[in-house]
Amino acid sequence: MTKTIDLRSDTVTRPGAAMRQAMATAEVGDDVFGDDPTVNRLERTAAELLGKEAAVFVASGTMANLVALMSHTRPGDEIVLGDHSHIFVYEVAGAARIANVMTHTLRNREDGSLNLDEVAGSFRQRGLHTPATSLLCLENTHNRCGGTALPVDEVDALAGVAHQHGARVHLDGARIFNAQVALETPAATIAKSCDTVSFCLSKGLGCPVGSLLCGPADFVMEARRNRKILGGGMRQAGVLAAAGLYALAHNVGRLAEDHANARKLAEGLRSIGPFRTNQPDTNIVMVDLTGGTASTWAPALAEAGVLATTMSETRLRMVANLDVNAGDIDEALKRVARVADRA
Ligand SMILES: Cc1ncc(COP(=O)(O)O)c(C=O)c1O
């Protein structure tokens, strides 16, 4: 049977035998009581890697971001974030519905960055007529902007402006280890000027579940309370945390392979058919269709055994991931070429 090459996302990976073994043998306890040694170890490891005092294990990247918003803000506050940010586009308006904050979006430039002057001009002070802008949210790498890695000096400059205005900074670092590898800079350095940072275990790192939210100890205490409100207090979660510890030990350096595969895929696609692509910084390839539409390309590619995500009628997304090796990328390109020949 021919293997389906699943490039829809880096979330489609399945835990391998060694990760499953780590999960099966994890020492566990009741994490809501703080008794799970494996969760405790994962939280300590995450805090250390991100250069923060503490961390809390949550179910997903969405939960990490929502808990961050709930813990940084008061109802009625305003938050500033990019118009292509995951929090704004894909988190079902949790900011409004649950954190009770108003979103002030600024245009994300093509590389995922925000204009410093626009950010500086966006903060409002609490007043008789105005909400307080209490939080700036950044994203690195930037998903919708094609996995772009925002350089540290830009993160620092944006965070500096927020701090000058008395606001705090949360970094959605769902893929911060991709940024670490691409920028050859430790995640802790990338996140240094941000008050809090979240990252996902269940994307390029290949775990089935889980994200960490890292920050000052008092913030993390508050985050634990907010996680509980969302029903996210887990019990013998060490089974999941063990996968995270395994991934942090074994799957970070290899993200470079995903990045190389994404570059190879982008280059190959450009030479095959009516495709324009980004030059991927990391593992995400955005494929702009200069002929045909996503509604015809996506099913035709799926039929040929290559799965992509439809972003719009003129854009597909393909993401290199742990379950796709360089040979699979060659095979995917062959299959795409066959579909393009017939188109
Ligand atoms: C940048 C970013 N933040 C947050 C998330 C949310 O993660 P989850 O799917 O685990 O809720 C994603 C998911 O793709 C993401 O790309």
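Predicted model: local features only at pLDDT ≥ 70, side-chain atom pairs only at ≥ 80, totals over all residues.

I picked out D6 and R8. They form a salt bridge, with 2.6 Å between the closest N and O atoms. I checked the cover on both partners: D6 has a relative accessible area of 15%, so I noted it as buried. R8 comes out at 36%, so that one goes down as partly exposed.

Next I looked up R227, which forms a salt bridge with D31; the closest N and O atoms are 3.6 Å apart. R227 lies in helix α10 (residues 217–229) and D31 in the loop between α1 (17–24) and α2 (37–50), so this pair ties together parts 196 residues apart in sequence. Both R227 and D31 are buried.

Then R254. I found a salt bridge from R254 to D258, with the closest N and O atoms 2.6 Å apart. Both ends, R254 and D258, are buried. I also traced a network of salt bridges here, linking R254, E257 and D258.

On to the backbone. Which peptide bond is cis? I found that the one from N140 to T141 is, with omega near 0°. T141 sits in the loop between β5 (133–139) and α7 (152–164).

Positive phi was next on my list. V92 has a phi of about 55° although it is not a glycine, and A93, also not a glycine, has a phi near 60°. I placed V92 in the loop between α4 and α5 (94–97), and A93 is in the loop between α4 and α5 as well. Buried or exposed, I wondered about V92? Its relative accessible area is 64%, and over 50% counts as exposed, so V92 is exposed. A93 has 42% relative accessibility, so I put it down as partly exposed.

While I was around α4, I checked the surface. F88, V89 and Y90 make a nonpolar surface patch of about 240 Å². F88 belongs to helix α4 (residues 86–90), and at 37% relative accessibility I logged F88 as partly exposed.

Last, the helices. I took α12 (residues 255–272) and α14 (residues 326–342): their axes come within 10 Å and cross at roughly 20°. Angles under 35 degrees count as roughly parallel, so I wrote down α12 and α14 as roughly parallel to each other. The crossing of α12 past α14 is right-handed.

Definitions and conventions
Residues numbered from 1 in each chain as written. Heavy atoms only, no water. Patch = residues over 30% accessible without salt bridge, like charges linked within 9 Å, V, L, I, M, F, W, Y side chains within 5 Å. Areas by Shrake-Rupley, 256 points an atom, 1.4 Å probe, with all protein chains shown as cover. Salt bridge = Lys/Arg side-chain N within 4 Å of Asp/Glu carboxyl O. Helix = DSSP H or I, 4+ residues; strand = E, 2+ residues; numbered from the N terminus. Buried < 20%, exposed > 50% of the residue type's maximum accessible area, 1.4 Å probe, protein only. Axes fitted to C-alpha atoms, helices over the stretch in contact; angles between N-to-C directions. Parallel < 35°, antiparallel > 145°, perpendicular 65-115°, else oblique. Left-handed = near helix turned anticlockwise from the far one by under 90°.
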